[in-house]
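Visitor: I would like to walk through this model and hear what each label rests on. Please show it first.

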Amino acid sequence: ISENDIDVIGLARSDTKVCVEIFFIRKSKMVGREHYFLNELIDEDSSEIVSGFIKQYYLDRPILPNKIMIRDNIEEKEIIEQWLSKNAGRKVEIKTPQKGEKLRLVEMAENNAKITLENKEKDRNEILNELKTLLELDKLPRKIECYDISNLSGTNIVAGMCVLQDGTIKKNLSRR
């Protein structure tokens, strides 16, 4: 593992979603990126979201970076570093760069997260506008409930309901 094996984490928020973008830098080259939407954490503090993300994301990772770059300090930073270091078998640090190239990487990850979030919002609005047109509605459909009832030759009846609110599936409102 090179000294320059770094993961860079950026966060962006909208009114209804949180997006976390992670860049993978190996031997000083960016080799990939991923993003995750965290809808249920919209009321959480950004540092709590990043802290929770790090704990969850690196839980079962076989290979860990030397450094994880984030915007702001997180609670339990030392404990999380110890846990990551123990799992990696070497030192893993969580850094909050203040200037230079590493700060620019964090800003780039945040900007990518923001763009990813905006694109998701745009796609959702396009779908809702298309539904409004197809169904000849006066307003955008804010809440949609879909029902399905299945059976095997009249027995073993199962019913399900799926709820979309503002273009987002709400698993907590769905029922079986």
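Guide: Start with E93 and K95, whose side chains meet in a salt bridge at 3.4 Å, N to O. The model is predicted, so local features need pLDDT of at least 70, side-chain atom pairs count only at pLDDT 80 or more, and totals for chains, interfaces and linings use all residues. Residues are numbered from 1 along each chain as its sequence is written, and side-chain values use heavy atoms, with hydrogens and water left out.

Visitor: Why is the contact of E93 and K95 called a salt bridge?

Guide: The term requires a side-chain nitrogen of Lys or Arg within 4 Å of a carboxyl oxygen of Asp or Glu. E93 and K95 have N and O at 3.4 Å, so the pair qualifies. K91 joins E93 and K95 in a network of salt bridges.

Visitor: What makes E93 partly exposed?

Guide: Buried means under 20% relative accessible area, exposed over 50%, and partly exposed in between (1.4 Å probe, protein chains only). E93 has 21%, so it is partly exposed. K95, at 34%, also counts as partly exposed.

Visitor: How do you know that E145 and K143 form a salt bridge?

Guide: Their closest N and O atoms are 3.7 Å apart. That value is within the limit, so the pair counts. E145 is partly exposed at 37%, and K143 is partly exposed at 48%.

Visitor: How many salt bridges does the rule give?

Guide: The count comes to eight. One of them joins R26 and D7, at 2.8 Å from N to O. R26 lies in strand β2 and D7 in strand β1, 19 residues apart, so the pair links distant parts of the chain. Strands (E, at least two residues) and helices (H or I, at least four) are DSSP runs, numbered from the N terminus.

Visitor: Are R26 and D7 buried or partly exposed?

Guide: D7 has 1% relative accessibility, so it counts as buried. R26 has 24%, so it counts as partly exposed.

Visitor: Why does D5 have no salt bridge?

Guide: The nearest side chain of opposite charge, R26, is 4.8 Å away. For charge, Lys and Arg count as positive and Asp and Glu as negative; His and the chain ends are not counted.

Visitor: What does the side chain of D5 have as a polar neighbour?

Guide: A polar atom of the D5 side chain lies 3.0 Å from the backbone nitrogen of K27. K27 takes a positive phi near 50 degrees in the hairpin of β2 and β3, which has two residues between the strands.

Visitor: What makes β1 and β2 a pair?

Guide: Two strands pair if DSSP finds at least two bridges between them. β1 (residues 6-13) and β2 (residues 18-26) have eight, in the antiparallel sense, so they pair. V8 has F23 in β2 as its bridge partner. β2 and β3 also pair in the antiparallel sense over eight bridges.

Visitor: How do you know that β7 and β8 pair?

Guide: β7 (residues 155-165) and β8 are joined by two bridges, in the antiparallel sense. The rule asks for at least two, so they pair. Q165 stands opposite T168 in β8.

Visitor: Why are β3 and β5 called edge strands?

Guide: The open sheet has the order β3-β2-β1-β4-β5, with mixed pairing. β3 (29-37) and β5 (93-95) each pair on one side only.

Methods. A polar contact is a pair of N or O atoms within 3.5 Å; within protein, one must be able to donate a hydrogen and the other to accept it, and residues adjacent in sequence count only if both atoms are side-chain atoms.
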